[in-house]
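Me: I'd like to learn how to read a sheet and the helices around it. Could you walk me through one?

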Amino acid sequence: MGKIKSAILTAILLAGIVVLAFFATVSYPIAGSNKVSRYDSFINRISLGSDLSGDASAVLYPEGVISYEDYVSGIPDDKESDKYKEYVDKYEILGSVCVEKEVLGENGVNADKLKNDVKHDAEILSKRFGEKDYTSFSVSVKDDYTILVSLPTNFSYSEYRSQFLDSDYVPNTKSDKTSAISNTLTALTYGGGALTLRNNEVSGYGLYDSKLSNYMLTPASKDISDYIKSADSISRAGNHVVEINLTEEGQKLFEDVSAKISSATNDKNLRIFIGDKQLLEVPLSEAVSGDTFYISTNNQVAADNYAIIIDSCVKGDSLALYYGTDDANNLEITYTNASLGDYSAVCLFCAILAIVVAAIVYSCIRYRLLGLVNAIVILMHSLTIIVALLLIEIPFTVAGAFFAVASLALMCGANFALFEKVRGETLKGKTMQSAIKSGYKSLLKGILELHVVLVAVSLIVALVCVGELAASGLIFFIGAIASYVLYWFTRLMWFILSSTVKDKFAFCGFKREELEDD
């Protein structure tokens, strides 16, 4: 390759890396916005796990159960009034909660049942939140009568900084994350009964609920699983839908019901209820046919949530109790700081940066200009991980950072093994071109097998495991793929950068020695 072509290709590549690295790592105020708006770097926008961004938690109170603080705040001021006596007699104080005596029953006969229902609901909620693929979460029974749910906030560093560290910092809005948390807690904690289909105008299948002014289109004698097999969420080309998979009996029901609803005079909506609370309202303009029924939603989070709770109810995992979470105003969410410290994300980034710099410096010291080739692929590997974390929205945790660095070590190890193999070939008196060919050839099988095994294992971990382990597996899978691709890209860059140099051995810091016969 000519010197001019080599120089041009090198300049284009380095310019691309520098520009991408700039936007990946540097945040700055947007000109003309008086620092009201700012550009956030890729790193600042990566979602962080709970160890780096904190948790969001909420306590769920069954109907008839309130906290002791709420009980105290609701006590009438006039202790001599009938309202005071009526209020005090209404509740039984049980530790940090107060339970209505009517719910407990005479002499607390229903107390054990209430405790068992709460425990049962906690197990179901754990299954539901487990479907969200959080890096970490917890659902536990608190004080026998309430459920504590804790979810990772998945704030980016920008969002975390504005939430806890610097109120004047202006990042990309964090309202999407807090709304997603609130909507998830609201949707997945619907309870108090089974899933039913209803309409205000169309009747003929179920009973009329005068209290709710709704006809139930699924008879009480039938289970919802008689009509619905399962529910999944689908997102394509910006469209987010819940896919309801119907049984044969369900196809007939939905076709008949949808035809009646679409031709109704006023109410043309199919309503999905859980217990006595409406989950969804689906407008129907025509009859539905086929083995699937689609419900459009606003975003991916909503589609996932609705699919999870519908599928849960279809499998018979309905909550026994009503927790009042269908009204977002009743849901009190507490946000906590990162468990590893406020600046743990910054410290982790600095540690990774130090490792990257150390690898680059070592490469350049040991292999001279050939080290620059390895430095380029190190930067490309790092940028690949950063862009993947941002685009795929993989929550980044300390464990994820470890596997990202491990994939970088895999790539550097493969390159260093190659460089040393070529060095050994040059000591046998081979030309540089011959040494490179024989070096790549001798390592081809070993490098390929190593990457195939690691890629396969990481993919299995990403697909089979859940939570933080699955996220770490996906990160290593991406890093290992990038490692193998860049291993071969190293050869191309080696050829391009060294083509303008006459002394190829000096370029690599190698020596060629002729072996003398004894």
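Predicted model: local features only at pLDDT ≥ 70, side-chain atom pairs only at ≥ 80, totals over all residues.

Me: What holds the strands of a sheet together?

Reply: Strands of a sheet pair through backbone hydrogen bonds, and the pairing is either parallel or antiparallel. Here, strand S12 (residues 228-236) pairs with S13 in the antiparallel sense, over eight bridges. S13 is also joined to strand S16 (residues 292-297) by six bridges, and those two run antiparallel as well.

Me: What is the order of the strands in the sheet?

Reply: It's an open sheet of three strands, ordered S12-S13-S16, with antiparallel pairing. S12 and S16 stand at the edges with a single partner strand each, so one side of each has no neighbour in the sheet. From one strand to the next, the twist averages 20 degrees.

Me: How many residues lie between the strands in the hairpin of S12 and S13?

Reply: There are two residues between those strands, and in this hairpin Ala237 takes a positive phi near 50 degrees.

Me: Is strand S13 mostly buried or exposed?

Reply: For the general idea, a residue counts as buried when its relative accessible area is under 20%. In S13 (residues 239-246), seven of the eight residues are buried, so the strand is largely enclosed by the rest of the structure.

Me: Which helices pack on the sheet or lie across it?

Reply: Start with helix H10 (residues 248-262), which packs on the sheet and touches S12, S13 and S16. The direction of H10 makes about 120 degrees with that of S13. Then there's helix H11 (residues 300-314), which lies across S12, S13 and S16 and runs at about 170 degrees to S12.

Me: Now for the single residue. Where is Leu497 found, and what does it touch?

Reply: Leu497 is found in helix H16 (residues 467-498). With a relative accessible area of 12%, Leu497 is buried. Leaving aside residues up to four places away in sequence, Leu497 touches Thr10, Leu372, Val373, Ile376 and Phe507.

Key:
Residues numbered from 1 in each chain as written. Heavy atoms only, no water. Buried < 20%, exposed > 50% of the residue type's maximum accessible area, 1.4 Å probe, protein only. Helix = DSSP H or I, 4+ residues; strand = E, 2+ residues; numbered from the N terminus. Pairing = 2+ DSSP bridges. Axes fitted to C-alpha atoms, helices over the stretch in contact; angles between N-to-C directions. Contact = heavy atoms within 4.5 Å.
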